[in-house]
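Thanks for coming. I will go through one chain this morning, overall figures to begin with and then a handful of residues.

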Amino acid sequence: MVDDMQTAASFELGEPALVCRWRLAGGRLPLENRHLRALRRREVGGEPVDVALVAWAKQHVEWTLPAGAARHPDGVLMLVVDTNGQAAMTVGPYEGLPDVTLRALGRRARRAELEGVETGISPESLWVVFEGTLLWNVAPGAMPSGATSLVEDLAHSVGLVVRRREGLLADLRDGEVVPSEAFLVSDEHGVVVASDFAGSEGRRFREGLERLWEQTRKE
């Protein structure tokens with residue numbers, strides 16, 4: 001493992017098996033506890049992530065993140081774990097998504113879904129409002145990513161009905177589900193409302209995350 005965030009990018013890792021991209025705010029990690037909780041539940045090569053790696057990541061975030069994020073305080077923290085369990089962490093600039101149509105967000109959700117098959121948790125998922133219910137593209141029993149766990153909790157706190165729907169992406173493609181709105185939930189991008197299916201619920205969650213980021217910057 002690499003103990004210096006400034007040299008992490010040049011560290012010689014083997015083949016990446018897990019890549020986590022977590023959004024920063026003011027040089028801090030607003031969803032730190034949720035991200036670390038999700039990291040403990042991820043897998044590398046079919047085995048749970050080593051508890052020592054999780055401890056290292058937590059220490060790294062707490063002790064050295066402020067210095068590492070000096071150039072990109074509102075950037076993205078990236079944790080890379082290779083097939084041998086070696087890890088490196090670095091911080092880079094944040095770049096927004098150029099295309100936020102439902103089709104584009106669905107493609108991202110599909111790639112994340114495949115990643116979830118390999119690592120146990122998808123870093124991004126698609127959510128839609130359909131017939132008064134919030135449908136979440138995830139398999140029954142699957143564990144949520146850090147950002148997704150927050151959105152799920154927020155949805156329950158305001159009384160929204162949330163249902164997991166494995167195969168939601170296929171249902172959207174085949175026209176079995178025609179949503180009134182849609183949005184992507186991402187550890188890197190937060191809540192991204194589909195430009196062609198925008199609505200009040202997606203905006204509510206996006207604004208909730210943005211308030212959290214702003215609060216973190218002020219602390």
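I will call a residue buried under 20% relative accessible area, exposed over 50%, and partly exposed in between. Leu-212, at 22% relative accessibility, therefore counts as partly exposed.

What you see is a predicted model. Mean pLDDT for the protein chain is 92, with 95% of the residues at 70 or more. The stretch to be careful with is residues 2-10, where pLDDT stays under 50. The model does have 24 contacts for that stretch beyond four places in sequence. Where pLDDT is low, though, the predicted coordinates should not be read in detail.

Now the overall picture. The protein chain has six helices and 10 strands. Its radius of gyration is 17 Å, and the globule rule gives 17 Å for 219 residues, so the chain is as compact as a globular protein of that length. The C-alpha trace spans about 50 × 40 × 30 Å along its principal axes. Of the 219 residues, 48% are buried. Among contacts with a separation of 6 or more, 66% are between residues 24 or more positions apart.

Next, individual residues. Start with the loop between strand E6, 124-130, and strand E7, 133-136, which is where Glu-131 sits. For context, most residues other than glycine have a negative phi. Glu-131 has 70% relative accessibility, so it counts as exposed.

In strand E7 itself we have Leu-134. Is Leu-134 buried or exposed? Buried, with a relative accessible area of 3%. Setting aside neighbours within four places in sequence, its contacts include Trp-127, Val-128 and Val-129. Also among the contacts of Leu-134 are Ala-155, Leu-160, Phe-183 and Phe-205. The C-alpha atoms of Leu-134 and Val-151 are separated by 11 Å, and these two are 17 residues apart along the chain.

Helix H4 covers residues 146-157 and contains Thr-148. The relative accessible area of Thr-148 is 2%, so this threonine is buried. Which residues does Thr-148 touch, not counting those up to four places away in sequence? They are Ser-125, Trp-127, Trp-136 and Val-185. Trp-127 has already come up, as a contact of Leu-134.

Back to Leu-212, which is in helix H6, residues 200-218. Leaving aside neighbours within four places in sequence, Leu-212 is in contact with Pro-30, Leu-31 and Leu-150.

Last one: Arg-41, in the loop between helix H1, 32-40, and strand E2, 43-44. Arg-41 has a relative accessible area of 42% and is partly exposed. Beyond four places in sequence, Arg-41 is in contact with Thr-119, Ile-121 and Met-143. The C-alpha atoms of Arg-41 and Pro-144 are separated by 9.4 Å, the two residues being 103 apart along the chain.

That is the list; I will take questions.

How values were computed:
Residues numbered from 1 in each chain as written. Predicted model: local features only at pLDDT ≥ 70, side-chain atom pairs only at ≥ 80, totals over all residues. Heavy atoms only, no water. pLDDT = per-residue confidence, 0-100. Contact = heavy atoms within 4.5 Å. Helix = DSSP H or I, 4+ residues; strand = E, 2+ residues; numbered from the N terminus. Rg over C-alpha atoms; globule rule 2.2 N^0.38 Å. Buried < 20%, exposed > 50% of the residue type's maximum accessible area, 1.4 Å probe, protein only.
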